[in-house]
Amino acid sequence: MNYSSQSVAKLYFIAAIGLFVGQILFGLILGTQYVIGDFLFPAIPFNVARMVHSNLLIVWLLFGFMGSAYFLVPEEAERELYSPLLAKILFWVFLVAGALTIVGYLSVPYATLTKITGDDLLPTMGREFLEQPTITKIGIVIVALGFLFNIGMTILKGRKTSISLVLLTGLVGLAVFFLFSFYNPENLVLDKYFWWWVVHLWVEGVWELILGAILAFILIKLTGVDREVIDKWLYVIIAMSLITGLIGTGHHFYWIGTPEYWQIWGSVFSALEPIPFFMMAVFAFNMVNKRRREHPNEVATLWALGTSIMSFLGAGVWGFLHTLAPVNYYTHGTQITAAHGHMAFYGAYVMIVLSMISYAMPLLRGKAICNGRKSQTLEKWAFWLMTISMVFITLFLTGAGILQVWLQRIAETPMSFMETQDQIAIFYWLRLISGLFFLVGLVVYIKSFFVKNDEFVPT
Amino acid sequence: MSRFTQNSSRNLFYGGSLFFFFVLIGLTFDTMGGLSKRDHRENITPQVAHGKRIWEANNCVGCHTIMGEGAYFAPELGNVYARRGPDFIKGWIQSQPTGVKGRRQMPQFHLTEEELDAIVAFLKWTGEINNAKWPPNVEG
Ligand code: HEM
Ligand code: HEM
Ligand SMILES: [Fe+2]
């Protein structure tokens with residue numbers, strides 16, 4: 001760690017990991033309710049557990065992005081953070097707002113929550129992923145503005161590198177597109193159309209800039225390859241992300257009442273969306289092969305390479321699987337969607353945050369360069385356990401999805417939704433078991449932070 | 001040489017994304033222009049609008065899909081009006097939870113008669129949106 005103000009990142013990373021644990025526990029509740037329908041009912045209905053699961057995911061990834069930015073930007077700008085105090089205050093504001101929101105979900109019926117938070121004044125609640133009370137959303141915007149100001153000033157006053165500019169562009173985009181969450185018209189078609197400007201333009205747009213920038217930063221640090229080479233790759237990758245991803249939004253406009261030409265625009269452009277993910281994989285492996293130093297943080301390299309592969313599989317391959325309109329007609333809103341959502345989120349955004357933590361956390365904790373052998377070995381175990389479990393979760397959901405499509409949508413005498421669910425229960429059991437292995441991986445991951453007397457000894 | 005390609009890669013990013021962002025804006029304007037013929041917005045009565053609020057206030061989308069979007073735990077409701085009809089929908093909501101052991105449970109929302117009618121009106125309007133004949137059959 002070269003600048004003392006980078007240390008604020010540590011708070012963010014610790015919170016991220018804590019919320020990650022919560023996310024997975026609620027994932028397991030959901031997975032159980034899929035097979036034992038009345039599990040924890042009526043204390044925690046499925047919709048409540050789902051909000052907690054998905055909102056914790058988004059919030060901990062945001063903590064991860066912010067922590068990454070606080071670590072990365074001073075180093076790139078070659079100066080201290082503009083205001084470490086502001087970073088600390090915003091951390092607590094965000095954590096408390098997030099915690100209160102989750103407590104709200106769990107303690108009162110959702111309808112009560114909408115009432116007591118005054119949702120009727122500016123209705124924004126009750127839409128997938130955007131379930132947060134309007135006041136929480138306003139809080140998120142305020143935190144984002146303060147954060148962007150802090151990061152922006154640091155960059156402005158320091159060295160401006162491609163990596164920090166791309167990261168900043170991605171983060172500004174994240175904040176700007178979130179503003180569409182405040183637009184909730186009476187007309188469901190319009191509501192859906194602009195809902196995707198938050199959801200799709202995040203994960204298949206501006207977040208890819210954040211992903212690319214963090215990956216590039218880690219690769220520079222780990223491989224020592226020339227910045228010039230890395231920058232060039234970074235720009236071409238993110239260019240492809242937006243060139244394909246912006247119009248690729250159309251793959252969500254096939255069946256929601258929007259004009260049918262979207263079937264062509266959406267299919268063509270979203271079919272190209274795997275390109276940037278493929279390039280990212282080629283990029284990461286190329287840089288590691290051309291490395292100019294043997295960085296002893298092997299597990300961080302493993303995470304970085306893993307991110308590039310798993311994001312290509314989850315977003316690229318599983319995305320392509322159902323993105324063409326004639327296929328999506330049958331797979332839309334089935335377990336295929338859930339399969340893709342899981343592997344894409346894990347492979348791209350979970351793994352990039354864990355890559356950054358793997359690189360930065362030892363430095364933040366005062367290690368000279370990286371963790372010792374024992375904790376790295378544990379962390380490698382965690383990597384494989386979580387990643388392989390996620391592969392299985394994806395495969396079982398894909399199996400469930402294919403059968404679901406067949407029984408409910410293609411067969412000559414289609415089954416009802418609930419009958420179909422009974423038929424495919426075995427896949428849900430297998431998914432649940434895979435989820436338990438994921439949790440084991442996560443426990444091992446956390447244990448890797450608590451290995452005693454394990455300094456890295458250069459050989 | 002490497003100087004040149006680095007600049008051009010940056011230009012590809014700024015130029016390419018700006019260009020396609022404007023294409024998206026253009027397509028969006030075109031979409032908005034013709035949309036009223038497909039969404040039949042003239043039928044969005046205060047009752048339908050109220051129904052959407054009830055849909056949101058109870059987080060129905062946390063278990064169900066509507067036009068294929070939402071959660072995959074419970075049946076598609078964009079076409080439930082066609083599948084079940086108004087009386088069944090109201091009766092169903094009122095009689096929850098079923099309490100059948102081991103089965104997926106839907107909560108009791110304590111909706112008034114007027115709110116039930118609004119939800120039904122909202123689902124009826126949703127079912128009439130021209131959405132390219134999705135879902136493939138009535139089962140959703
Ligand atoms: C890291 C990037 C990505 C993430 C995190 C991601 C995540 C998701 C999630 C969570 C959904 C479900 C949304 C909902 O609840 O309705 C979804 C839907 C979808 N994604 Fe992605 N995705 C990514 C990239 C891609 C790519 C590159 C493609 C295409 C090649 C793609 C194609 C689709 C399609 C077609 C749907 C709609 C599925 C349906 O009709 O039900 N995604 N994605
Ligand atoms: C123990 C592991 C996990 C289990 C058992 C699990 C289970 C579930 C279930 C049952 C749902 C609801 C699907 C529905 O709507 O019917 C869900 C949704 C979701 N989960 Fe997980 N989950 C797990 C881990 C994760 C992880 C690690 C991530 C992120 C990387 C994640 C991201 C999501 C997302 C994005 C959705 C919304 C999907 C969509 O709308 O298509 N989950 N999860
Ligand atoms: Fe998308």
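Predicted model: local features only at pLDDT ≥ 70, side-chain atom pairs only at ≥ 80, totals over all residues.
Local features need pLDDT of at least 70, side-chain atom pairs count only at pLDDT 80 or more, and totals for chains, interfaces and linings use all residues. Residues are numbered from 1 along each chain as its sequence is written, chains are lettered from A and ligands numbered from 1 in the order in which they are written, and side-chain values use heavy atoms, with hydrogens and water left out.

User: Which element gives the most residues to the shell around ligand 1?

Analyst: Ligand 1 lies between chains A and B, and 27 residues surround it (near means a heavy atom within 4 Å). By class the shell has 12 nonpolar, 12 polar and three charged residues; Ala, Val, Leu, Ile, Met, Phe, Trp, Tyr, Cys and Pro count as nonpolar, Asp, Glu, Lys and Arg as charged, and the others, Gly among them, as polar. Helices here are DSSP runs of H or I with at least four residues, strands are E runs of at least two, and both are numbered from the N terminus. With seven residues, the element that gives the most is α13(A).

User: Which residue has a side-chain N or O atom 2.7 Å from an oxygen atom of ligand 1?

Analyst: A polar contact is a pair of N or O atoms within 3.5 Å; within protein, one must be able to donate a hydrogen and the other to accept it, and residues adjacent in sequence count only if both atoms are side-chain atoms. A backbone N or O atom of A:Gly333 is 2.8 Å from a ligand 1 oxygen, and for the side chain of B:Tyr72 the distance is 3.4 Å. The side chain at 2.7 Å belongs to A:Thr337.

User: What area is buried between chain B and chain A?

Analyst: In contact (heavy atoms within 4.5 Å) are 70 residues of chain B and 84 of chain A. Six salt bridges (a side-chain nitrogen of Lys or Arg within 4 Å of a carboxyl oxygen of Asp or Glu) join the two chains, including B:Arg38 to A:Glu260 at 2.7 Å, N to O. Buried area is the accessible area (1.4 Å probe) that two parts lose on being put together, summed over both. Carbon and sulfur atoms give 63% of this area, which is about 6600 Å².

User: Is A:Phe417 buried or exposed?

Analyst: A:Phe417 is in helix α15 (residues 417-423) of chain A. Beyond four places in sequence, its contacts include A:Gln404, B:Tyr72 and B:Arg104. Buried means under 20% relative accessible area, exposed over 50%, and partly exposed in between (1.4 Å probe, protein chains only). Because its relative accessibility is 6%, A:Phe417 counts as buried.

User: What is the relative accessibility of A:Thr161?

Analyst: A:Thr161 is in the loop between α5 (134-157) and α6 (162-178) of chain A. Not counting residues up to four places away in sequence, A:Thr161 touches A:Glu76 and A:Arg227. A:Thr161 counts as buried because its relative accessibility is 5%.
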